[in-house]
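Hello,

Here is the structure I promised to hand over. Please open it first, then read my notes below.

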Amino acid sequence: MKSNYHPVRLMLLVLALSRTTNPLAAEAIFNQGGESFPAIPARPLSGASRANPLQADLVLSSTQLISAVLAANPQLEVVRAIWQASVARIDQQSALDDPMLAYSMAPQTVGSPQTAFGQRIEISQKIPWPGKLRLREEAATHEAQAASENIDALRLFIAATAKTLFADWYYIHQAIGINRINRALLKQFRNIAVSRYSTGQASKQDALHADVELALLEHQAIVRERERRTILARLNTLLNRPPDESLPPPSKLPEISSLPDAHSLHNNALQSRPELKQLIARIQAARAKTELATKTFYPDINLTAGYNSLWDNDNKRVTIGIGVNLPLDQSKRRAAEREAQARMKQDEWNRIDQIAKIREEVQIAYERTDESIHVFQLYQNKLLPLADENLEAAIADYRAGRGDFLTLISSEKNRMQTQLQAEQALADTHRHLAELERAAGNLEPLSAVDQAEAL
């Protein structure tokens, strides 16, 4: 926004005031050619004032959670306020200093019948050397751009956190369901053991062993419920809601079979990561400040205009003048120049270091996600079918009297553990995928399956 203040018109105003008794005419001189101030745009609704999109949903999807979190999380409002403050600095840095108004009078002429009243009024305006205001504005603009990248960086971080917590939310619901199913199955086994004990085909120890396993599963159910409430509190914190407010159960996590090429993810990260864009903006700001430091070797200009009634000659009463400061101390200016150059080098090396760290983050997240995909496929295609087959065989053997109860319980525990590990592997895949998407600078899902779900 350009200022409506013009020092030349202000000086003309002083001269007009000294020559005319009509203040409206002087004001017209000042306002001549002035621009109108733009209207201040209305502030958008904050995240807390938007409608909650989760209240009416029967199930919660990952995309719904991310949208709700990005709309309601207060941390985003904090960085937006920081960015707005940095934008407001642009006009301050590109504006001239306030003009100086000086007034003096000859007190002995007040009320004197022999001498006219003597007074002197002067206004002065400091004008920086050409280029200084432009460079200050450029530096402030680039700093505001760097602050805006903080918003995108935080959005990526919050989205990745929401995706990770959604995977936790999914896993804990699956674990609670698996626990409930296995408690029902153990009760059936106990009934079989009691029936066989009543006919003398099994010992009482089988039923007692079933009771012990049931008690352990009930304890595990209590632990799982505590874990569910903990995850719920973390989700509600992201959503800026009370920690115990309810959320819908999660939708099914999609299976991920493949990932994009790692090389393309590296290239995308180097183009998309807000941290790199922020450092580029800082380098541009530092470059403007370095050039500004070289301008300090040149003097600033001071324009003056005044009226002095102490002169008897009317032609000498109106005065105009120009002055400059004398930049005699060159050592402090050279030190400021070296400081600006050093800070620019610091930002340039930070950018090189950030590129290396981003490549590392992408590669590590890619390897972890790829490993999790293979682990889940191993459980899904091999270990789970084997665990089901082993349990079915153990049940058949126990019913036929060929197997003991401990083998049956062991097979059931092995199947339950395999189910939990399979769901854990699927949740781990999505946790690592969330980190990979953040490392690659992607707010949207990377996998084709997730993209279809998002649509």
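**What I found**

The face of α4 turned away from its buried side carries two exposed residues, V78 and Q92. Keep in mind that this is a predicted model.

Now turn to the other face. Which residues of α4 are buried? They are L76, V79, S86 and I90. Why do they sit on the same side of α4? They cover an arc of only 85° around the axis, and that puts them on the same side.

Next, the helix as a whole. α4 has 20 residues. From its first C-alpha to its last it reaches 29 Å, close to the 28 Å expected at 1.5 Å a residue. Look at the start of α4 too. There, a side-chain oxygen of N73 comes to within 3.0 Å of the backbone nitrogen of Q75.

Then the cores. The largest nonpolar core has 50 residues. Within it, L65, W169, F189 and F405 touch the most other members. Elements that give two or more residues to this core are α3, α4, α5, α6, α9 and α10. Which of them gives the most? α5 does, with 19 residues. Apart from this core lies another, of 16 residues, including L433 and L446.

Leaving out residues up to four places away in sequence, F189 touches L391, I395, F405, L408, I409 and E412.

Best wishes

Methods
Residues are numbered from 1 along each chain as its sequence is written. This is a predicted model: local features need pLDDT of at least 70, side-chain atom pairs count only at pLDDT 80 or more; totals for chains, interfaces and linings use all residues. Side-chain values use heavy atoms; hydrogens and water are left out. A nonpolar core is a set of buried Ala, Val, Leu, Ile, Met, Phe, Trp, Tyr and Cys residues joined through side-chain atoms within 4.5 Å. Buried means under 20% relative accessible area, exposed over 50%, partly exposed in between (1.4 Å probe, protein chains only). Helices (H or I, at least four residues) and strands (E, at least two) are DSSP runs, numbered from the N terminus. Contact means heavy atoms within 4.5 Å. The expected span of a helix is 1.5 Å times one less than its number of residues. The arc is that of the directions from the helix axis to the C-beta atoms. A polar contact is a pair of N or O atoms within 3.5 Å; within protein, one must be able to donate a hydrogen and the other to accept it, and residues adjacent in sequence count only if both atoms are side-chain atoms.
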